[in-house]
Amino acid sequence: MAGKRRSASEEHGSGETATVKSAERTVRILEVLAASPTRLTLAELQEKMGYPRSSLHALIRTLREMKWVESDATGSAFGVGPHALLSGTAYLDRDPALPFAYETLEDLRAELGYTMHYARRNDAHVLYLASRESRGGASVVPRVGRRLPAHVTALGQCLLSCLTRDEVDAVLPAQLDALTGRTITDRDELFAELDRTRARGWAVEHEQGTEGVACVAVPLDYRIPATDAISCSMPAKLADDDEVERVAAALLRHTAILVATLRREGIR
């Protein structure tokens, strides 16, 4: 006897499940392509994601047609397309805190002369939302729209210091990857650094995320716990104790004004 025919509601539910799975895969593809420094072939995508080749090919084709994905001249390697940029720009345009943050970044750059960054914690990463490049000297790599692991940056460390130890453990991956030879990868060492950051109210790192660059960062507690922070990046050779203290004092002063403004404006 043939198997029992599924009810309409069961079939409808199965269709919804397939649709949700397809949507999730689409988002994951875009995330993998966005994180890759180079375009990826279909085979490389399949190796990274484990999706069936036929399903992957169909999703990539649809994303190309909608301009969320673009290919190289051969049509065999893929990266994010222009509509991904449109979506990201819309996120920045609609963030109510950023117009106020831009002014603070400008003021800090004028006072300190270094590159300034504004970032938001995104789970175990920090997402760069705004930057103001130094007008002189060595340029720091532009980072707006990029993500870095929270544990390797002063921005991330100051935001992690706003969490409890259990919360940090839940957020961070089991293995802390290194970006340079100075990156903190030992969990106990990181927690000790977060304790120091919490006690002084600002974080500092020397070449943990980028060789030749030191950063000082302060969290913005207009939200509790803080989700956003501002950092100052400078050549590591200039970041002696006196300069770090000078930069930290300026960051604390300007961010206190920014936080008061954001709270007054009702931005949460």
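**Cysteines, a helix and confidence**

Analyst: The Cys158 sulfur has its closest cysteine sulfur in Cys162, 6.4 Å away, so the two are too far apart for a bond. A disulfide here is a pair of cysteine sulfur atoms within 2.5 Å. By this rule the count is 0 disulfides.

User: Is Cys158 buried or exposed?

Analyst: Cys158 is buried, at a relative accessible area of 0%. Buried means under 20% relative accessible area, exposed over 50%, partly exposed in between (1.4 Å probe, protein chains only). Cys162 is partly exposed, at 31%.

User: What are the ground rules for these values?

Analyst: This is a predicted model: local features need pLDDT of at least 70, side-chain atom pairs count only at pLDDT 80 or more, and totals for chains, interfaces and linings use all residues. Residues are numbered from 1 along each chain as its sequence is written, and side-chain values use heavy atoms, leaving out hydrogens and water.

User: Switching to H2. Which residues are buried there?

Analyst: Leu42, Leu45 and Met49, in a helix spanning residues 42-49. Helices are DSSP runs (H or I, at least four residues), numbered from the N terminus.

User: What is the mean pLDDT?

Analyst: 90, with 90% of residues at 70 or more. pLDDT is the predictor's confidence in each residue, from 0 to 100. Residues 1-13 are below 50.

How values were computed:
Helix = DSSP H or I, 4+ residues; strand = E, 2+ residues; numbered from the N terminus. Contact = heavy atoms within 4.5 Å.
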